[in-house]
Amino acid sequence: MSKFLTTTAIALTMMAGVARATDVEVLHWWTSGGEAAALNVLKEDLNSKGIGWVDMPVAGGGGEAAMTALRARVTAGDPPTAVQMLGFDILDWAEQGALGNLDEVASAEGWDKVVPEALQKFSKYDGHWIAAPVNVHSTNWVWINKAALDAAGGKAPESWDELVAVLDKMKANGITPLAHGGQPWQDATIFDGVVLSKGTDFYKKAFVDLDEGTLGGADMADAFDRLMKLRTYVDDNFSGRDWNLASAMVIDGKAGMQMMGDWAKGEFLKAGKKPGADFVCIRFPGTQGSVTFNSDQFAMFNVSGDDKVKAQMAMASSIESPKFQSAFNVVKGSVPARTDVPDADFDDCGKKGMKDLAEASAGGTLFGSMAHGHAAPAAVKNAVYDVVTKAFNGGYKDGAEAAKALADAVAATK
């Protein structure tokens, strides 16, 4: 089988043939309220072009369950038309020759000029477009219940010491200070923020360069000590809790804050909450000016039949249209995957997200998130998950022991 589908002429006739194109079968893990609302924007856009949507949702916020389901489908010789994917997972499938080629539509619409290079690293393989980025999520956010923050003094924390002080005050006020779900990807999301708060050079050396001395050194030991400290602010029933249920605890005032990517904002908005009035969005204390990101992308699998390929091309075109990018990301909580989309329709947190992304991209402080598969391949990410989750659950006597375990675990993947 050819590594890439031939799309010349297909894309050129795409617009004329959309109404007759077959349905798209889409595998994804957007099953929470806010995510489902955002996904409907894409469904409705495709429906307006005469393309039906066959839903294949696989619950699980990190996408692990979805990737397991995908492997089963591909092994059976029946891949879905399009699959939501993150980071190195896209490149892994491209390397296997499983993905189609979107060059024709990408070229016609000028994707190269408007999609940030940091995203193109995962949208392309061997110079060819193989996925359409839907958004840019940044992961180093903290979402704070406004009433709980006011009761704790009213000032959003800007440093580690201020964060601890606010969490202590929330605990004294009788609520769970930190809403969290005990799943490896959620534990790693918090740790991403902790590591980034100790400096961008430190984050890059540790999670991008995978420098053994940095991974096992004193600064990493301190980062693990901080992670263990944060564990003391989590309620006893956190194990296995889905991320959106942790968001609900903050929305309902049962918890003070959540450290989670900006998809959490979609839950707040769906609940009718407004930034500044009901909740506060800040970067993880100590990380303002830097951004760790992931990007949801739809990879198009090799399919047979011109109608199916036409539907894929139309879906890719819809995803990258500025109108859709704005409408979708306003609902989803993320920011557009292209740089020419106005921020007029975005709320204050969205505007901040777009400004922060532009600043970090220009300043060289935009990094793929380790926790979300954009800093290192899956084998490394999973090794980090194992150590971080063990540390969060009291499996090491101190941060130094955890840091040594991290260095050893990453070294074992090489």
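This is a predicted model: local features need pLDDT of at least 70, side-chain atom pairs count only at pLDDT 80 or more; totals for chains, interfaces and linings use all residues.
Residues are numbered from 1 along each chain as its sequence is written, and side-chain values use heavy atoms, with hydrogens and water left out.

Serine 295 sits in the loop between strand 12 (291-294) and strand 13 (297-300); helices (H or I, at least four residues) and strands (E, at least two) are DSSP runs numbered from the N terminus. Its relative accessibility is 1%, so serine 295 counts as buried (under 20% relative accessible area; exposed is over 50%, partly exposed in between; 1.4 Å probe, protein chains only).

Next, select cysteine 281 and cysteine 349. Their sulfur atoms lie 2.1 Å apart and form a disulfide, defined as a pair of cysteine sulfur atoms within 2.5 Å. The torsion about the S-S bond of cysteine 281 and cysteine 349 is about -105°, so the disulfide is left-handed. Cysteine 281 belongs to strand 11 (residues 279-283) and cysteine 349 to helix 18, 68 residues apart, so that distant parts of the chain are linked. Both cysteine 281 and cysteine 349 are buried.

Now display the largest pocket, with a volume of about 370 Å³. A pocket is an open set of points on a 1 Å grid over the protein atoms alone where a 1.4 Å probe fits, with protein on both sides within 12 Å along at least five of seven lines; lining residues have an atom within 4 Å of a point. Of the 22 lining residues, Met67, Arg71, Asp89, Ala378 and Lys381 are the closest to its centre. Domain 1 (22-137 + 294-361) and domain 2 (144-292 + 365-412) both give residues to the lining of the largest pocket, so it lies between them; the domain bounds come from an automatic or database assignment.

Finally, move to the second largest pocket, which holds about 240 Å³ of space. Its 15 lining residues include Arg338, Thr339, Met354, Leu357 and Ala358, the closest to its centre. Helix 18 (residues 348-363) gives the most to this lining, with 5 residues.

Technical notes
Grid points are joined across faces, edges and corners, and a volume is the space filled by probe spheres set on the points.
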